Amino acid sequence: METQDFLKAMKSGRMSRRDILQMLTAAGLTMTMLPVGRAKAADGEVIYFTWEGYNDPGFHPGYTAKNNAEPEGPVFGDVEEALTKVRSGFKVDIVHPCNLDLKRWRDADVLQAIDTSRLTNFADLFPGLTKLPYAQGDKGEQFFIPVDWGNTSILYRPDLFEAKEESWNMLWDERYTGQIAMSADATEAVPIAGIVAGAKDPFNMTDEELGKAKALLVKQKPLVRFYWDSNSAVEQALASGELVASTGWNSSVVTLTGQGVNIKFANPKEGIMSYCCGLVLTKDAPHVDKAYDLINAMTAPEAGKWLIEAQGYGHSNKKTFDLVDEKTLAERGLPKDPSDFFSKGIVQQPILDTERVQKVFEEVKAGA
Amino acid sequence: MTAQAHSSTPSSAPADFTAARPEWLDGLWLILPTLLIVLGMMVVPLIGIVVVSFWTQTGFDILPAWNLDNYRVLFTEEGALYRILIMKSLWMSLTATIAVVVLAYPMAYFMAFRIEKSKLIWIILLTVPFWTSYLLRIFAWKVILGFNGVINSGLKFVGFIDKPLEFLLYNPTAVTITLAHAWAAYAVLPIYVSLEKIDRSYLEAAQDLGDSKWKRFWRITFPLSLPGTISATLLVFIPTVGDYITPTLVGGTSGIMIGNSIVTQFGKANNAPLGAALSCIMMLAITLAVCAFLAAIGRKRLKAADI
């Protein structure tokens, strides 16, 4: 039936019950068929599952140049949440976890080995990063391609926070009740409490040490304005003065300084935390070819140059450091070689029993 | 038609196909599509939740090992925080519900009795804020209550305060305020409908017999609007107990509810069976609370109000 006829029939009331049922059946069938067509249309780009704010085109200019499109970008605020999603069938190609999460992702059996012969920059990557614990399988197959390395430390406003010495204890300063924020990610928050509690290995604590860390987190809770799982929430709150100190990463320093906010990235006396994040390929990735395009784009020197200049992170490609001048590196506190960088601070280690750590932090957060 | 067939040939009933089929079966065919959706989308998942709540999580796998451990935990010292959270959630929803109904009642009253022309426009205007997503409305409250938000900058501009008020956001009160606004339409409409239904001649009669306006309201209008008010109360109370998005966004560290805990169990904490058990306990707690509410109203009054 033509649309015009249909409307006319409706208007004059000539529509029979059969006609209407027919139309409804047709409409219903069309609706059920629609998603099939849509799914096909969306078939195109690689699905890159990353931290909120880390799917800027600057991270992967090569991908855009080759495919004339941007990767699809679902984001997460917490790695464990991302893993739960992937395990329950959320289809993505590439995920962006960090070295301390690797054991858990490997254990969950959601990854496939990456064929290094298809990588254009693999030979130029720092071997210290490609050989991190759990980055490679038993037979030397590569599961993790490092991209960015940086720090977790305390972002604070020197004009609002009077720091006698920079220490992780700043996050427990009662003078600033309600003006402190803490990461909502247990794998970051609990080790920080572990460092303050004096644990020998803050990433794999004994029961006694974990108990002390938990007590510290409970003590800290009244001081905390919110537990953050979005980078931008922290940056906005620090810029407005709602927060005076928070845990955070290098990129926030560059962003906030660019906005003219007086911000400092602490170098705690107990040691700054350092980590390396990178890309993993999921077991049933729907776009494997384009996934390799993305890995190649993100490990390329020109992507690394942008990463250092605009985000303040180190890059995994040696050649990147030929493109960046010494002054920029010095401003961002980055050495030319990540091994120098990792030898100084507290390197985040794979947490062997993530569930135990998660449980403790969730109890702290849920505690009324 | 069936009745006619019955009266003319009462003895030949077995031959009449339509008469042999009980009447409720006709109704069943009519509601079958809805019934299937309800069965598939509500009953089956609900049974799933109850079943999983008796299982155990080990590492990445859920083992179908039947036991009561998940429920037992809730009654030990370790589970104290869940008990507190359930009580707190019930309390927060109750305050939000009272706030919603108290705010919604005058709005509904105004629409039912004061608006003469184009009521539809008023109803549409009332629902306009609810055309946007629930999430956006909560974010709007974050903007209103925030550190540099509308209220704080307004008060600062007028000169009442020189430092932003920090108690506006990230606490249980912020959650209550946000919930109260987010659910307002669900309360206004049922109350409006039952106010609209009231026979105006009762009101005139009351006035003729010498009732003051106030007395008339309490003796006629309010009792007759009870069906709408009670359904509005339940409509707001039941879903808000389990809300987790609002506490996540505006609750801060102290404003979290049982819904957050349940989400965590299914996500970060990776313990779906415990999450399922918590959901069952929450549903049970809501049922008990609703029963207590209805009992407080009393069966007689419920019957009188035709519920």
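**Strands, rings and an interface**

Reader: How do strand E1 (residues 48-51) and strand E3 (residues 94-95) of chain A pair?
Author: They pair in the parallel sense, over 2 bridges. Two strands pair if DSSP finds at least two bridges between them. The strands (E, at least two residues) and helices (H or I, at least four) are DSSP runs, numbered from the N terminus.

Reader: What should I know about the model and the numbering?
Author: This is a predicted model: local features need pLDDT of at least 70, side-chain atom pairs count only at pLDDT 80 or more, and totals for chains, interfaces and linings use all residues. Residues are numbered from 1 along each chain as its sequence is written, chains are lettered from A and ligands numbered from 1 in the order in which they are written, and side-chain values use heavy atoms, with hydrogens and water left out.

Reader: OK, back to E1(A). Which residue is the bridge partner of A:Phe49 in E3(A)?
Author: A:Val95. E1(A) also pairs with strand E2 (residues 75-76) of chain A, in the parallel sense over 2 bridges, and there A:Thr50 has A:Val75 as its bridge partner.

Reader: Let's talk rings. How many aromatic pairs are there over all chains?
Author: Rings of Phe, Tyr and Trp (its six-membered ring) pair if their centres lie within 6.5 Å; planes under 30 degrees apart count as stacked, over 60 as edge-to-face and the rest as tilted. The count over all chains is 33 aromatic pairs. One of them is edge-to-face: A:Trp228 and A:Trp249, at 5.2 Å centre to centre with 75° between the planes.

Reader: Which parts does that pair tie together?
Author: A:Trp228 lies in strand E7 (residues 224-228) of chain A and A:Trp249 in strand E8 (residues 245-249), so the pair links parts that are 21 residues apart in sequence.

Reader: Is A:Trp228 buried or exposed?
Author: A:Trp228 is buried, and A:Trp249 is too. Buried means under 20% relative accessible area, exposed over 50%, and partly exposed in between (1.4 Å probe, protein chains only).

Reader: Why is the pair B:Trp214 and B:Phe217 stacked?
Author: The ring centres of B:Trp214 and B:Phe217 are 6.4 Å apart and the planes are at 25°, so that pair is stacked. Both residues sit in helix H12 (residues 213-241) of chain B, 3 residues apart, about one turn of the helix. B:Trp214 is exposed at 62% relative accessible area, while B:Phe217 counts as buried at 14%.

Reader: What else is in that helix?
Author: B:Thr221 has its place in H12 of chain B, and at 1% relative accessibility it counts as buried. Beyond its neighbours within four places in sequence, B:Thr221 is in contact (heavy atoms within 4.5 Å) with residues including B:Tyr105, B:Phe113 and B:Arg216.

Reader: New topic: how many residues of chain A are in contact with chain B?
Author: 29 residues of chain A are in contact with 21 residues of chain B. The chains bury about 2,100 Å² between them, 56% of it on carbon and sulfur atoms. Buried area is the accessible area (1.4 Å probe) that two parts lose on being put together, summed over both.

Reader: And how many salt bridges across that interface?
Author: The rule finds 0. A salt bridge takes a side-chain nitrogen of Lys or Arg within 4 Å of a carboxyl oxygen of Asp or Glu.
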